[in-house]
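Please read this report alongside the sequence and the 3D view.

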Amino acid sequence: MTVLTNDTTPSIELFVMTTYFSRLDVQLQEELKKTAEAILASGKGILAVDETNEGIGKLLKNVGLENTENNRRRYRELLFTTPDLAEHISAVILYDETVYQKTDDGTPFIELLNKLNIIPGIKVDKDVTALFLSEDEMTTQGLDDLGKRCAAYKKQGCRFAKWRCPVKIGLNTPSVRAINDTATILARYASICQSEGLVPIVEPDVLLDGDHDIERAQKVTEVVLAAVYKALNDHHVFLEGTLLKPNMVTPGQGCTKKSTPKEIAIATRTALLRGVPAAVPGIAFLSGGQTEEEATLNLNEINKVQGKKPWILTFSYGRALQASVWQTWAGKDENLVKAQKELLKRTKANGLASLGNYEAGTAISAAGDETNYSANYKY
């Protein structure tokens, strides 16, 4: 850098850029790493039950029930008391209200999950708001008090967290500003989580909305992942104590050219190899509005693709595990056992798919082929 001295004579001033930074305590690193690895248990995945009260209220309305705290609790108790749930579920993502709820017999949900050896986690973002002066792009809220909330959730027994940043594909989107915003927010979130002892699940969600083809979806996914991991590195996030929850690379919902599960698998694996460091222990895909069967078939093919696979590839599904549960339960206690059996069908199918061992059509569920897509989806 050239500067002028007092006598206006040019001189050269050199600056040494330091790469020193403080690291997480070694014991905390080990705790985070062990939790991440436990979530990635072979043949298991994550059940996402983190809908907001407004989000689950729409589902309750569809089965003729009021959106009350007790009805929300009843439904989640149905899920958590499903016999043999832990056979293919290693962890559950909760919503704030659910952290403090109990079963009919007074057992706290978190205590029940721990007895089942299912790791409880928590959604910590406060949903999206418009990104000012953008083309209908979004930013995610909730960083201001995140440290305090993470500390409180850890005290309640949660061991990991999740934060979603949706990314829209359009003619001129995602913009560089939106991509950088997503990356920075996810990095700040991950750093804060780790400081409070929670494993951060990082969720950059390239949405199905739009008519883009699979090539465009792949390129956008690659660019977003590259930006996210650059930001995570800049914020000194301990990657071995994190998980990634990305979209699969699929054409937009309005694209007339559909892709096969094998094409989706190759595009997804390629994008991941180009953007996700091998230090990340595992990737748990979101279902993103796919049908239950599509989400299972695509996960299966992703695991069958030959070539490098430095991470465990599994599932973190909400709608793709519960659509048949909702349809079967229909808000009636007499349907509870049947609804739980529907849940087990999908958890088993996806457990097999996480190993590349699922056979198409062997899990016949009530809503297996019905779309779960919703434009501008919010939890």
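Strand 12 (residues 312-317) is mostly covered, with five of its six residues buried. Buried means under 20% relative accessible area, exposed over 50%, and partly exposed in between (1.4 Å probe, protein chains only). Helices (H or I, at least four residues) and strands (E, at least two) are DSSP runs, numbered from the N terminus.

This is a predicted model: local features need pLDDT of at least 70, side-chain atom pairs count only at pLDDT 80 or more, and totals for chains, interfaces and linings use all residues. Residues are numbered from 1 along each chain as its sequence is written, and side-chain values use heavy atoms, with hydrogens and water left out.

Which strands pair with strand 12? Two strands pair if DSSP finds at least two bridges between them. The table lists the partners.

| Partner of strand 12 | Sense | Bridges | Residues facing each other |
|---|---|---|---|
| Strand 3 (residues 45-49) | parallel | two | Leu47 and Tyr317 |
| Strand 11 (residues 282-285) | parallel | four | Ile283 and Leu313 |

From strand 11 the chain passes through helix 10 (residues 292-304) to strand 12, a right-handed β-α-β crossover. Right-handed means that, with the strands pointing away from the viewer, the path from the first strand over the helix to the second runs clockwise.

## Two helices

The expected span of a helix is 1.5 Å times one less than its number of residues. Helix 9 (residues 261-275) has 15 residues and should span 21 Å; its end C-alpha atoms are 21 Å apart, which agrees. Its buried residues include Ile264, Ala267, Ala271 and Leu272. The buried residues of helix 9 pack against helix 8 (214-234), strand 10 (243-244), strand 11, helix 10 and strand 12. Contact here means heavy atoms within 4.5 Å.

Helix 3 (residues 69-80) has 12 residues and reaches 16 Å from first to last C-alpha, close to the 16 Å expected. Nine of its 12 residues are buried. Among them are Arg72, Tyr75, Glu77 and Phe80.

## Aromatic pairs

Rings of Phe, Tyr and Trp (its six-membered ring) pair if their centres lie within 6.5 Å; planes under 30 degrees apart count as stacked, over 60 as edge-to-face and the rest as tilted. The count is six aromatic pairs. Trp163 and Tyr189 have ring centres 5.4 Å apart and planes at 35°, so this pair is tilted. Trp163 lies in strand 8 (residues 160-167) and Tyr189 in helix 7 (residues 176-195), so the pair ties together parts 26 residues apart in sequence. Both Trp163 and Tyr189 are buried.
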